[in-house]
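Subject: Structure handover

Hello,

Here is the structure I promised to pass on. Please open it alongside this message.

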Amino acid sequence: MRTIRLGAGAGYAGDRIEPAIELALHGALDYLVFECLAERTIALAQQARLRDPAAGYDPLLEARMRAVLEPCRRNGTRIVTNMGAANPLAAAEKTQGIARDLGLTGLKVAAVLGDDVLESVGTGDGEILETGGRVRDLGNRVISANAYLGAGPIAEALAKGADVVITGRVGDPALFLAPLIHAFGWALDDWDRLGRGTLAGHLLECAGQITGGYFADPGVKDVAGLARLGFPIGIVDEEGGIEITKVPGSGGQVTLATCKEQLLYEVHDPARYLQPDVVADFSEVTMEAIGPDRVRVTGGRGAPATGLLKVSVGLIDSYIGEGQISYAGPGAAARGRLALDIVRERLEITGVQASELRFDLIGVDSLHGAGLAGETEPYEVRVRVAGRCDSLGEAARIGNEVETLYTNGPAGGGGAWKSAREVVGVLSVLVPAALARPSVRMIEA
């Protein structure tokens, strides 16, 4: 049975580049896929584009393309990525320029457009899933609204001969599903195959997570070679059967356990995994280890898509002020708690206006709270005070108060640090799929 080899070159925007190079050189891939776009990332990219119309795509796009374009071209590997973020066309034009610099003539680059629905959603009556409010009530705080497109326009770009396809917001598994639709001629209403293709994409999309990265836990789930972790390869057949593996000799591992953990990662209901193309059903998936670092996955199914698209609405949420300082040696925890008490009282005395405040000892109670803090006296602690404010100036006052601990007690504080920054929030809205009008723009290098 015919198979397609898909490699996951990145699992988030700032991911390592070396594993992608390893895949491009030694993975014998048909497609190298870079999934680089978190929900908040695209709102930040929209801000960058507002400052500079030529910006708004992934900052590592140039480094990644310079690293993999030539070996991918030489090995017949096509590239699919959402590194276009808020500006897929500029990203495609940048990739064209890189190809020209590398002497790669005839390379076809496609930009998938149409996920930006700010004009129709930003001031509309859409219900916000997290709050029950309406988008229009957010007013001028809204900076972006991007719909999760499906695999269709990516498959269209591949059918037009694109060697590189660059998208903005799409469903993460769609980046992997589209090459399967194109290669095998799957119909867009072949729900079971689309469900299995979505399963393949879901397993691969986080790159090093399924090869042992996020899985590793010393003494419980030991994984060797994490400093040179290999990223996964999915070998998918025309019926949607999947084998997960990696480049031989690379770090990490592919096991039943790593695959099972990734299967359940960020899935609210395994029987109804909602995607733009299909409602995937993972409830009867089975896995079998068929060799070292090789797992076969079968049993995915699908049902008709809902006809709705999720839209991520980016907005200016607030401003965060933060300050940190360290204490070490005998009595470090007691001095750290005194420092927190001092800052808490100082914020009250000076009238800092904050809607939310946190007072933490990092390494003691900052993650799970004081109720789960151990009884062992730590040798060193890191004080952290953070607050949410309505203005940047007010937020800056929080870090300033922490910094004054240097000379105003308690004893032995060092390594003070402070910041004040704008916070971009993300909310969700559902819209009819017809509201988004995807298109493909071809650019030949």
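This is a predicted model: local features need pLDDT of at least 70, side-chain atom pairs count only at pLDDT 80 or more; totals for chains, interfaces and linings use all residues.

**Domains**

The chain falls into two parts. Domain 1 covers 3–114 + 149–306, and domain 2 covers 313–428. Their centres, taken over C-alpha atoms, are 38 Å apart.

The two parts do touch. On the domain 1 side, 5 residues make contact with 6 residues of domain 2. About 420 Å² is buried between the two domains, and carbon and sulfur atoms give 58% of that area.

What holds charges or polar groups together across the interface of domain 1 and domain 2? The rule finds 0 salt bridges there. It does find 2 residue pairs in polar contact.

**Salt bridges**

The whole structure has 30 salt bridges. Three of them are worth a look.

Start with Asp293 and Lys246. Their side chains meet in a salt bridge, at 3.8 Å from N to O. This pair links distant parts of the chain, 47 residues apart. Asp293 is in the loop between strand E11 (286–291) and strand E12 (294–298), while Lys246 is in strand E8 (residues 242–246). Buried or exposed? Lys246 counts as buried, at 5% relative accessibility. Asp293 is partly exposed, at 26%.

Next, Arg344 and Asp341. Their side chains form a salt bridge with an N to O distance of 2.9 Å. How far apart are Arg344 and Asp341 in helix H10 (residues 332–350)? They are 3 residues apart, so about one helical turn separates them. Both ends are partly exposed: Arg344 has a relative accessible area of 33%, and Asp341 has 43%.

Arg397 is partly exposed, with a relative accessible area of 28%. Glu394 counts as buried at 16%, because the cut-off for buried is under 20%.

There is also a network. Glu322, Arg358, Asp360, Arg384 and Arg421 are joined by salt bridges that share partners.

**Around Thr245 and Asp293**

Go back to strand E8, where Thr245 lies. Thr245 counts as buried, at 6% relative accessibility. A polar atom of its side chain lies 2.8 Å from the backbone oxygen of Asp293. So which residues surround Thr245, leaving aside its neighbours within four places in sequence? Thr245 is in contact with Pro232, Ile233, Ile235, Val254, Asp293 and Arg294.

Glu238 sits in the loop between strand E7 (232–237) and E8. Glu238 counts as partly exposed, at 32% relative accessibility. Leaving aside its neighbours within four places in sequence, Glu238 is in contact with Met1, Arg2, Phe184, Trp186 and Arg193. Leu158 gives another reference point. Glu238 and Leu158 are 80 residues apart in sequence and 17 Å apart in space, C-alpha to C-alpha.

**Backbone points to check**

Most residues other than glycine have a negative phi, and most peptide bonds are trans. A few places here depart from that.

Which residues does a cis peptide bond join? They are Gly409 and Pro410, with omega at about 0°. Pro410 lies in the loop between helix H12 (405–408) and strand E17 (414–432).

Ala85 has a positive phi, near 50°. Ala85 is in the loop between strand E3 (78–81) and helix H4 (88–101). Ala85 is buried, with a relative accessible area of 5%.

Glu266 also has a positive phi, of about 55°. Glu266 is found in the loop between helix H9 (256–264) and strand E9 (273–274). Glu266 is exposed, with a relative accessible area of 59%.

Best wishes

Key: Residues are numbered from 1 along each chain as its sequence is written. Side-chain values use heavy atoms; hydrogens and water are left out. Domain bounds come from an automatic or database domain assignment. Contact means heavy atoms within 4.5 Å. Buried area is the accessible area (1.4 Å probe) that two parts lose on being put together, summed over both. A salt bridge is a side-chain nitrogen of Lys or Arg within 4 Å of a carboxyl oxygen of Asp or Glu. A polar contact is a pair of N or O atoms within 3.5 Å; within protein, one must be able to donate a hydrogen and the other to accept it, and residues adjacent in sequence count only if both atoms are side-chain atoms. Helices (H or I, at least four residues) and strands (E, at least two) are DSSP runs, numbered from the N terminus. Buried means under 20% relative accessible area, exposed over 50%, partly exposed in between (1.4 Å probe, protein chains only).
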